[in-house]
Structures are given as structure tokens and as C-alpha cells.
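Here are a few notes from going through the model, in numbered points. Have the structure open while you read.

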Amino acid sequence: MNDAREEMGIDACLLAGRLMMEAGAETYRVDDTMTRMAASLDMDGADSFTTSTGIIFSPGGQRRVKLTSIRKRATDLEKIARVNAISRSLSSGDVTLEEAYGELKGVERGNFMFPFGLQVLAAAIASASFFVLFGGDWKNMLFAFFAGGIGFVVSEKFHESTRVKFFSEFTGSAVIGLLSLVVVQTGLGSQLDIIIIASVMPLVPGLLITNAIRDLMAGHFMAGISKGAEAFLTAFAIGSGIALILSFQGVGM
Amino acid sequence: MTYVIHGFFSFLASTMFGIIFNSPRNRLLHCGFVGAVGWLGYLASRDLLLDGDAVKASFLGAFTVAVVAHLFSKWYRTPMIIFSVAGIIPLVPGGTAYNTMRNVMEKNYDAATVHAMEVLMISGSIAMGLVFAEVIIQLIFKKRNKA
């Protein structure tokens, strides 16, 4: 293997790892993917160290160790699936290294997210569905629909402009609390508690919770604990947003 | 009838979460299916088997979600979290967590502690459910590969 090709192989492994980590994959899967790719590229003794903020990849032997940092984290399951498929076809020899690297670059540039409007609609429908699941009346379902959708928009927009995740979740849930409170206080609807619980569901950090558990069980304690802490802080932000609003109207209702 | 309604809405909610988490387009309905199976497993075991014990029911619900998600991931050769993440969401003890927060605000610390314990127990049993399913599936597939 010549130098340029070797360099590309190392870059491909790191790029795959970074893309998966940024999209919210489990840490042990990232490690696994990178070492499998390295093995298929004849890098004996390759090893990696992955945390939620950076990856160190050692290709083994005389080859240089490289690292990459992970600056943004989002939930993008499509990206995980694509990178996984590329690494599988590379390992099985269906594509060459050059093709795989090109495809990974394509994944890096691409935007596979659903349109924002559709996401908002999904959040609204999900809130309305949860409202039914948690035992709400049909006549109040519409309020959960709107509170959930608007809360999701506020949280996402604040996240875009401030980049502080906990603040955006706090604001989102505070808006949900306010809307629900207004609806109930003006006598339009009832079941304040269920409206609020159902509407904050789209903000719940589901991926973090599952990943934290799976990483802890796989023995990745650093990643597991940091993801667990992030999940806990998110839950805390949601709770305090609601608490802020409820405290203004004089508790006890 | 309750189960039909719940099945429909949990399917809908999990599919919508698939959209929010940007699942692959052709796997959205699978996400919904996993969510519906998990929620129905939770609901049926809570009301029919366990006298409304949400802790054990959450374990069974999470276990079901993880088993189905694992089978899908073996079948479609896709990472397992794509299927499990949306399915876990309905089981998250949002209502109990809300009651905890509410009681803390009203300075009813006794009631808040009870709810907080329940949140802790339910979260723990969801974690146990996920882990048990993973271990069992791995054992089964290992045996099969050897044979």
C-alpha cells in the first residue's frame, strides 16, 4: 500500500467515525465500524478511542495516529444508516477505498433531514397522539397539537440562533407551559397537566437516553456517563421551563 | 377498543418521532410498528397482568421494543437504534416526572419523593429491559451461528 492510499484509508476511517458520532450513533458502534474498516484495508493493529467530543484513531504499525474532534451533535438516523452501509460494502469488498471515501464525502456534504415544516407537523401530530395515549379527552386534543408544534418550533429556532441546547429546551417548554396555561385559564380547554406532558414529548432526549444505556452496558463509561448527564440536563431544562410558568400563576391552581 | 385506539396512536406517535429523528424514509413505518408493539406490551401487561404496576410493565415494554428492534436490525442489516429510539419514547415516564416537579414546586416534598422514586424505578426498568433483550438476542444468535 503506498503512502497516499494509506493516508486516504486513515482519513476514510476517521471521517466515517466522525459522521456517525455527529449523527448520534452509539460509541461502541463507532469504534466497531472504524476497526472493521481498518481491518478490511489491511491495517493490522488498528485501534481507536472514542468519546462524545473527539476520536483518536491509531492505524497501527508505523502509520501516523490521527484525531478528529466532534463539535456538533444532532440526531440524524439516516446518516448513521448510510455510513453503516458504506462501511459494510467496503468491508465486503463491493466498493474500492476511493469509491467509499467519495461516498463518505457525499454523506458529509449532504443534507438528508426532512423539511423543517414536516418536522414541525410531525411534532404536532406526535403531541396530539401522546395526548390520547395519556388519557386526554378528544375535545382538548387540538390544544396539545398546537402547543407541541409551537414548542418544537421555538426550541429549534432558539437552538439555531443561540447554539445553547439547554436554553432552547428551557424556552421551548416554557412556551408550551404558557400556551397550555392560557388555554386552560381562559376556559377554552381543560386537562392542563396532560396537555403539558403530551406537548413536551417532542423535546424528550430519546436518543441520548438509549445511547447512554447501551454505551454504559458496552463498557464505554466515559461516553455513557456524559450522554447520561446530557439527557439529565435536558430533562431538567424541560422541567424548569414548565415550573417557571406554573410558578407565576400561583401554584395549586 | 381501547387497545385499537392506543395501538393506532402509538403507531402514529412513533412514526412521527421517526420523522423528527430523521429515520431512513423506507424504515419509518417500522419505527411506528416497534413503538406500537412496545406501548401495547406495556399497556396490556400493566392492566391485565400486573394490577397497574408501571415499573414492571415498563420493563416488559422496553424488552419488547428492544427484541423487535433487534430482529429488524438483523433482518435489514441496519443499526438497531434506528428502530429502538422512536419506540422507547412512549415509555419515558413523562407524567410521573411532571408530577415530581409539580409537587416540588408546591413544597409537597413527601409526595415529590414518592414520584421521584417511581421515575427512578421506571427509568431503571426501561434500561434493564433494553439490556436483557440485547443479551438474550445475542445468546440466541451466537448459538445459531455455531450450530
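1. Start with the interface. Between chain B and chain A, about 4100 Å² of area is buried, and carbon and sulfur atoms give 76% of that. Keep in mind that this is a predicted model.

2. On the chain B side, the residues that lose the most area to chain A are Ile20(B), Asn22(B) and Ile81(B), together 15% of what that side buries. Counted by contacts, 42 residues of chain B touch 52 residues of chain A.

3. Now have a look at a helix pair inside chain A. H7(A), residues 165-185, packs against H10(A), residues 221-248, at an angle of about 35 degrees, and the two axes are 7 Å apart. The crossing is right-handed.

4. What makes up that contact? From H7(A), the residues include Phe166(A), Phe170(A), Ala174(A), Gly177(A) and Leu181(A). H10(A) brings, among them, Leu233(A), Ala237(A), Ile238(A), Gly241(A) and Ile245(A). Sorted by type, the contact residues of H7(A) with H10(A) come out as 12 nonpolar, 5 polar and 3 charged.

5. Over in chain B, H5(B) covers residues 94-105. Its 12 residues reach 17 Å from first C-alpha to last, close to the 16 Å expected at 1.5 Å a residue.

6. Which residues of H5(B) are buried? They are Gly94(B), Thr96(B), Tyr98(B), Thr100(B), Met101(B), Arg102(B), Asn103(B) and Met105(B). Notice that Arg102(B) is on that list. Just after the helix, Lys107(B) has a positive phi of about 60 degrees.

Definitions and conventions:
Residues numbered from 1 in each chain as written. Chains lettered and ligands numbered in written order. Predicted model: local features only at pLDDT ≥ 70, side-chain atom pairs only at ≥ 80, totals over all residues. Heavy atoms only, no water. Axes fitted to C-alpha atoms, helices over the stretch in contact; angles between N-to-C directions. Helix = DSSP H or I, 4+ residues; strand = E, 2+ residues; numbered from the N terminus. Left-handed = near helix turned anticlockwise from the far one by under 90°. Contact = heavy atoms within 4.5 Å. Nonpolar A, V, L, I, M, F, W, Y, C, P; charged D, E, K, R; others polar. Expected span 1.5 Å × (residues − 1). Buried < 20%, exposed > 50% of the residue type's maximum accessible area, 1.4 Å probe, protein only. Buried area = accessible area lost by both parts, 1.4 Å probe.
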